[in-house]
Amino acid sequence: MSAPRWLDPLLGNLGDVASEIEQRGGAVAALQRVRNPRRASVLILFDGDPAATGPTPPADATVLLTQRASAMRQHAGQVAFPGGARDPEDADDVAVALREAWEETGLDPESVEVVAELDPIEVPVSGFRVVPVIGYAARPSEVRAVDPAETALVRRVPLAELIDPAHRFMVRKSFYRGPAFAAGPMLVWGFTGGLVNALIGAAGWEQPWDTHDVRPLTDEVRAAAARAQTWQESAR
């Protein structure tokens with residue numbers, strides 16, 4: 001089946017996602033360019049009531065996010081969409097996104113309806129040119145952290161949690177300043193935070209939030225760690 005009606009506002013306004021992402025991180029980030037970037041893809045996988053027709057997501061709508069293990073050498077503990085670098089055997093950018101999602105989360109590629117691809121986005125800090133692939137799962141497959149040494153947590157995050165103004169703020173680190181989300185045990189910021197922010201805005205799902213609430217990134221990392229401990233204890 002095709003994407004549900006509630007995703008139409010986003011899919012009809014993908015140009016705004018690209019323009020918003022180009023401005024992420026402030027003026028310093030805008031001046032950075034990637035030399036000889038590697039190609040990569042991420043999977044932005046939504047699920048939720050396929051029969052819902054309103055302009056806003058249904059109550060059960062989620063998006064799939066992962067959190068890297070704290071022992072990883074690069075981007076330790078950071079939250080991201082499933083994804084990674086393109087391998088020579090990958091047929092195209094969609095194949096990369098689906099393969100990486102399967103490797104990281106056990107997601108069944110057959111459960112995914114690919115509904116859109118965005119133009120590549122340069123990510124200077126990691127040296128990649130990333131293609132976001134948007135998918136929808138009417139019948140989501142089970143997901144998990146396939147390799148705990150690489151992935152600490154896999155979570156279908158409710159869109160309502162990300163849209164809620166109470167969970168939104170800005171973070172700063174040195175010259176960087178960008179949107180962030182307190183998503184349960186996760187802190188979503190950086191490239192992923194900018195992409196989530198752009199998706200919510202382009203879809204018209206955004207609710208007024210305090211963009212002047214700018215917090216030190218280190219403080220929010222500690223706060224997320226405390227939330228994660230509480231979350232793990234409650235899940236036992």
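Trainee: What makes H4 count as mostly covered?

Mentor: Ten of its 13 residues are buried. Buried means under 20% relative accessible area, exposed means over 50%, and partly exposed is in between (1.4 Å probe, protein chains only). Keep in mind that this is a predicted model, where local features need pLDDT of at least 70, side-chain atom pairs count only at pLDDT 80 or more, and totals for chains, interfaces and linings use all residues. Residues are numbered from 1 along each chain as its sequence is written, and side-chain values use heavy atoms, with hydrogens and water left out.

Trainee: Which residues of H4 are buried?

Mentor: Asp93, Val94, Val96, Ala97, Leu98, Arg99, Glu100, Ala101, Glu104 and Thr105. What covers them includes strands E1 (38-47), E2 (62-68), E4 (83-85), E5 (113-117), E7 (128-137) and E8 (151-158). The H and E labels are DSSP runs numbered from the N terminus: helices are H or I with at least four residues, strands are E with at least two.

Trainee: How do you know that the span of H4 agrees with what it should be?

Mentor: The expected span is 1.5 Å times one less than the number of residues. For the 13 residues of H4 (residues 93-105) that gives 18 Å, and the end C-alpha atoms are 18 Å apart, so the two agree.

Trainee: And what sits at the ends of H4?

Mentor: At the start, a side-chain oxygen of Asp92 comes to within 3.2 Å of the backbone nitrogen of Val94. Just after H4, Gly106 has a positive phi of about 75°.

Trainee: Why is Glu100 called buried?

Mentor: Its relative accessible area is 11%, so Glu100 falls under the buried limit. Glu100 touches Gly83, Gly84 and Ala85, not counting residues up to four places away in sequence; contact means heavy atoms within 4.5 Å.

Trainee: What makes the pairing of Glu100 and Arg99 a polar contact?

Mentor: Their side chains are joined at 3.2 Å. The term needs a pair of N or O atoms within 3.5 Å; within protein, one must be able to donate a hydrogen and the other to accept it, and residues adjacent in sequence count only if both atoms are side-chain atoms.

Trainee: Over to the rings. Why is the pair Phe46 and Trp205 called edge-to-face?

Mentor: Rings of Phe, Tyr and Trp (its six-membered ring) pair if their centres lie within 6.5 Å; planes under 30 degrees apart count as stacked, over 60 as edge-to-face and the rest as tilted. Phe46 and Trp205 have ring centres 6.3 Å apart and planes at 85°, so edge-to-face it is. Phe46 is in strand E1 and Trp205 in the loop between H6 and strand E12 (214-216), so the pair ties together parts 159 residues apart in sequence.

Trainee: Are those two buried or exposed?

Mentor: Phe46 is at 2% relative accessibility, so Phe46 counts as buried. Trp205, at 5%, counts as buried too. Ring pairs also link Trp6, Phe46, Tyr136 and Trp205 into a cluster.

Trainee: How do you know that the charged end of Arg215 sits over the ring of Phe169?

Mentor: The rule asks for NZ of Lys or CZ of Arg within 6 Å of the ring centre and within 35 degrees of the ring normal. Here the charged end of Arg215 is 4.1 Å from the centre of the Phe169 ring.

Trainee: Which residues touch the most other members of the largest nonpolar core?

Mentor: Leu10, Val17 and Phe46, out of 44 residues. Helix H6 (residues 190-203) gives the largest share, eight residues. Such a core is a set of buried Ala, Val, Leu, Ile, Met, Phe, Trp, Tyr and Cys residues joined through side-chain atoms within 4.5 Å.

Trainee: What makes H6 largely enclosed?

Mentor: 13 of its 14 residues are buried, so the rest of the structure largely encloses H6.

Trainee: Last one: why is Trp231 called partly exposed?

Mentor: Trp231 has 35% relative accessibility, so it counts as partly exposed. Trp231 lies in helix H7 (residues 217-235). Leaving aside neighbours within four places in sequence, Trp231 is in contact with Leu153, Arg155 and Pro185. Trp231 and Pro185 are 46 residues apart in sequence and 6.3 Å apart in space, C-alpha to C-alpha.
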